[in-house]
Amino acid sequence: MVLLEAGKLPHKNYLNIWNLSELRGIEVTDAHVELGSLTTYTEIQDHETLRAEFPMLCQAASETGGLAIQKSRHIGGNIVNASPAADSHAGVAGV
């Protein structure tokens, strides 16, 4: 969006994926933990199992941006952005 607003990308049709519930949430099973790409940093921090089993992941999520960013931005968007200045901590990005 930064590049689009700066006029460096052509205005085309874009798809808003924010309301796709399939990309949201945290699923925990005996075999794996799955974070949807629209999972926010706050959701990571608040998840009881993640806090117990992956405390460093939760700490990394708490150190990414300010509170407004943690509540509204998601891990998939940060990784796809691919800006070194905006990348999540390795603990979050490597999930």
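The protein chain has a mean pLDDT of 82, with 80% of its residues at 70 or more; pLDDT is the predictor's confidence in each residue, from 0 to 100. This is a predicted model, in which local features need pLDDT of at least 70 and side-chain atom pairs count only at 80 or more, while totals for chains, interfaces and linings use all residues. Residues are numbered from 1 along each chain as its sequence is written, and side-chain values use heavy atoms, leaving out hydrogens and water.

Helices here are DSSP runs of H or I with at least four residues, strands runs of E with at least two, numbered from the N terminus.

Let's stay with H3 (residues 48–53), where Arg51 sits. Arg51 is partly exposed, at 44% relative accessible area (buried is under 20%, exposed over 50%, partly exposed in between; 1.4 Å probe, protein chains only). Beyond its neighbours within four places in sequence, Arg51 is in contact (heavy atoms within 4.5 Å) with Gln45, Asp46 and Cys58.

Cys58 also belongs to the largest nonpolar core, together with Leu35, Tyr41, Ile44, Leu50, Leu57, Ala61 and Ile75, eight residues in all. Such a core is a set of buried Ala, Val, Leu, Ile, Met, Phe, Trp, Tyr and Cys residues joined through side-chain atoms within 4.5 Å. Helices H2 (41–46) and H4 (55–62) each supply at least two of its residues, and H4 gives the largest share, three.

Elsewhere, Tyr14 lies in the loop between helix H1 (2–5) and strand S1 (26–28). Tyr14 is exposed, with a relative accessible area of 52%.
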